[in-house]
Amino acid sequence: MVAAFVDERKPVPTQRLLILANPISGGGKSRALAPALQRELAQRGVAAEVYFTKCAGDATARAHVAASEPWSGLVAVGGDGTVNEVLAGMDDPTRPLGVLPVGTANVLAMELRLPKKPAAAAAVIAAGHTRSLAIGIANDRRFLLFIGAGVDGSVVQRLAQVRSGTLGKHKWAGPILHTVRHWPRWRLRATFADGQVLDDLSSVLVTACATTVASAQLTQTSIRTTACCMLCFRMRSRTAWAWQGLRVAASAAAGSPSDRPDNHVGADRRRPGTLADRWRPRRPRAARDLAARTASPRVRPRRGRIGPMTTTSGTKIANIGTVRLGGNLPFALIAGPCVIENRDHTLRHAERIARICGERRVPVVFKSSFDKANRTSGGAFRGIGLEEGLRILGDVKAQLGVPVLTDVHEVDQCAPCAEVVDCLQIPAFLCRQTDLLLAAGQTGRAVNVKKGQFMAPEDVGNVLAKVTSTGNPNVAITERGVSFGYRTLVVDFTGFPTMRGFGQPLIFDATHSVQRPGGQGTSTGGDRTKVPFLCRAAIACGIDGLFLEVHDDPDHAPSDGPNMLRLQDLPGLLDQLLRIQDACPRT
C-alpha cells in the first residue's frame, strides 16, 4: 500500500517534504511549478526542498536515498512516469506521497481528483489528508496505474527505444505504426487465482484505473475485481487491432483526459466513458420517440435530435468528492432533505437516494443542513447543530460512500465542516459575503454558491472570482430563482448561458425556485407540483447539475415542506430528465 495525499481520510504530519520534479514534464512547466509549490507550502508552515531530476531513473535513486533522511513525505512533480519512478524508489511505500500533475495524461491525478494548481495542491498536502492505494509489482518493480503485455507492451517498449525529449501525445504515433507493421504473433495465457485460464490472447492489460476500465467495453473479455481489472484481447490480425486503436484514439481527439466525460466504473451506458461522441451507442427508443414528438412536423430532426444547442459551451470541471460537474458531462444530482432531523431519518433518505441514482447511473451528492440560520420565524426549527450534524453526515459518507454537502453561514464553520463534508454551500442571502467566500475556498473543499434572489446573472462573475482567487478550482454557482414582486420567485432561463459563460459549472435548484418566501406567515410556502416543469426546462438548457430537496413526508417536514419533492416521485422524474438529456445533447 502507498498513502497518497488526497483531500480525505485521517491527516498525517507534513512538517518537511522533499519535492522531486521532472524538469521536462509539461514542456518544462515543472521548472516553475515546483518552486511555486514550495512557496505555497511555506506559506502554510510546511518546509520543502526541491530536487530536479537529471535523467531517467534519477527520481528512483533520489527517493531511495530519501528513505534514510528525515523527510515526512515525498512529492512528485511531473507526469505518471515520474510518479512511478518515485514510487519505485520508496523503500517504505507507506510513506506519504504527494503529486502535482504536470504530465501529458496525468491519469493518476485524474483518478484521485488531484488539483493541478500549486496553491490548491499545497492546501491538500499541508492538511495532511491521505488515502491508502493498492500497488502492483511486476518484474520486482512497483506500479500504481497499469501494466500491459503483448500488443500494448510492444508499443510502450518501442516508445522507450525511440523516445527523445518530452512525451507528447504525438509521440505514440510512430510506435503504434511500427507495431502494426511488424505485428508479432503473440500467444499469451492469463491464469487467475480461482483457476480460470484464458489462452491465445494477443494483449493483456492489468489496471486499477477507472479511466482505463471505462474502455473495457471495447475488449472481448474483461475481468474485474475490487482492486483491479484485467482486459484481455484476442485480436489475431493487425487490421482488428488498428480498428480498436482508432476507436480509442477518437476519444483522445475529443480533448484532454480531464475534459472528457466521467470515466468511472459503472458509467451510464449512455455515457460511453472515454469514447468520443461519434461512438456513442444508439439511444434508447424512448429517447428517440421523445425527440420525434418534440420536433417540428415540417422538419425531421437530424439523427433524432431536437437540434443544435447554442448555449452549451463547456465549463471547467469541478470535483465534489468523486462526482464531477461541468465540462459538458451529463448532469449530476445534489439531493437530500432540507435539514438534518435525526440520524436514522438522514441515513434512510441518503440510502434511498443513492440507490435510486445508482440504478440510473446518475452521479449524486447527498445534501442536508445542520443549521438553517435564515428561517422566516425565530421560533422555527433550525437544526440539530454543528457537532451532531457533522457526525451524521460523516456516517452517511462512511456507510454509503457518497459525497456530502452542507451549508455554512459563518467563517468559523468552514474549517470544521471541511474536515467532514466534500462541498461547502454558501446560502443565497450570503453570496456576496467576501470573508465567508474566501474562508470556504481556502479549505480546499468544493464550494457551491447559491445565487442571491436579488442578483443579476451578469453579477455572478464577481462572486466566483472571490472563491477562485484562493486557488480553489472546484467552484459552482446555483440558480434558485429571482425575486419578482412580493413572495414570488421566477426563473429566467435566458440567464443560464450568461452564468455558464464565466467558466464554472451551473447548477439549478428547482425546489427552492418554487418557494413563496414568507408565504405562510411564519414559514415559507411553495408549490412542489411545479418542480418537474422547471427541471425539464433546465435539463434542456444544458445545466451541469440539478439540486433537489426531497423528503418522504414533506407535508410534515420541519423546514421547506411545501416546496420539497416527494422522495417517491424522484425515480420517475429522473427517468424523464435522462430521456430529455439524450434528446438534447450538447453540441
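Trainee: What does the pLDDT say about the protein chain as a whole?
Mentor: This is a predicted model. The protein chain averages a pLDDT of 77, and 70% of the residues score at least 70.

Trainee: Which stretches have a pLDDT below 50?
Mentor: Residues 211–222 do, with 40 contacts in the model beyond near neighbours in sequence. Residues 251–313 do too, and that stretch has 128 such contacts. Where pLDDT is low, predicted coordinates should not be read in detail.

Trainee: What makes the Arg348 and Asp552 pair a salt bridge?
Mentor: Distance and atom type. The closest N and O atoms are 3.3 Å apart. The cut-off is 4 Å, from a side-chain nitrogen of Lys or Arg to a carboxyl oxygen of Asp or Glu. The pair therefore qualifies as a salt bridge.

Trainee: Why say that this pair ties parts together?
Mentor: Look at where the partners sit. Arg348 is in helix H11 (residues 343–360), while Asp552 is in the loop between strands E28 (545–551) and E29 (565–566). The parts so joined are 204 residues apart in sequence.

Trainee: Why is Arg348 called partly exposed?
Mentor: Its relative accessible area is 46%. Buried means under 20% and exposed means over 50%, so a value in between is partly exposed. Asp552, at 30%, is also partly exposed.

Trainee: How do you know whether Arg360 and Glu359 are buried or exposed?
Mentor: Set each against the cut-offs. Arg360 has a relative accessible area of 16%, under 20%, so Arg360 is buried. Glu359 is at 53%, over 50%, so Glu359 counts as exposed. The two form a salt bridge, with the closest N and O atoms 3.4 Å apart.

Trainee: Which residues are linked with them in a network?
Mentor: Salt bridges link Glu359, Arg360 and Asp575 in a network. A search of the whole structure finds 18 salt bridges.

Trainee: What makes Lys397 and Asp422 another salt bridge?
Mentor: Their closest N and O atoms are 3.1 Å apart. That is within 4 Å, so the pair passes. Lys397 lies in helix H12 (residues 386–400) and Asp422 in the loop between helix H13 (411–418) and strand E20 (423–426), so the bridge ties together parts 25 residues apart in sequence. Asp422 counts as buried, at 6% relative accessibility.

Trainee: Which residues touch the most other members in the largest nonpolar core?
Mentor: That core has 65 residues. Leu333, Ile353, Val449, Phe508, Leu546, Leu548 and Leu570 touch the most other members. Leaving out residues up to four places away in sequence, Leu333 touches residues including Val362, Val365, Leu546, Leu548 and Leu570. A second, separate core has 21 residues, among them Leu18, Tyr51, Met90 and Leu133.

Trainee: How do helices H2 and H3 pack?
Mentor: H2 (residues 58–66) and H3 (residues 80–88) pack at an angle of about 35°, with axes 7 Å apart. H2 passes H3 in a right-handed crossing. Asp58, Ala59, Thr60 and Ala63 of H2 make the contact with Glu85, Val86 and Ala88 of H3.

Trainee: What is the phi of Asn328, and where is this residue found?
Mentor: Asn328 has a positive phi of about 65°, although it is not a glycine. Asn328 is in the loop between strand E16 (323–325) and strand E17 (332–336). At 33% relative accessibility, Asn328 is partly exposed.

Trainee: What about the phi of Arg361?
Mentor: Positive, about 55°, and Arg361 is not a glycine. Arg361 sits in the loop between H11 and strand E18 (364–367). Its relative accessible area is 42%, between the cut-offs of 20% and 50%, so Arg361 is partly exposed.

Conventions
Residues are numbered from 1 along each chain as its sequence is written. This is a predicted model: local features need pLDDT of at least 70, side-chain atom pairs count only at pLDDT 80 or more; totals for chains, interfaces and linings use all residues. Side-chain values use heavy atoms; hydrogens and water are left out. A nonpolar core is a set of buried Ala, Val, Leu, Ile, Met, Phe, Trp, Tyr and Cys residues joined through side-chain atoms within 4.5 Å. Buried means under 20% relative accessible area, exposed over 50%, partly exposed in between (1.4 Å probe, protein chains only). Contact means heavy atoms within 4.5 Å. Helices (H or I, at least four residues) and strands (E, at least two) are DSSP runs, numbered from the N terminus. pLDDT is the predictor's confidence in each residue, from 0 to 100. Axes are lines fitted to C-alpha atoms, for helices over the stretch in contact, and angles run from 0 to 180 degrees between N-to-C directions. A crossing is left-handed if the near helix is turned anticlockwise from the far one by less than a right angle, and right-handed if clockwise.
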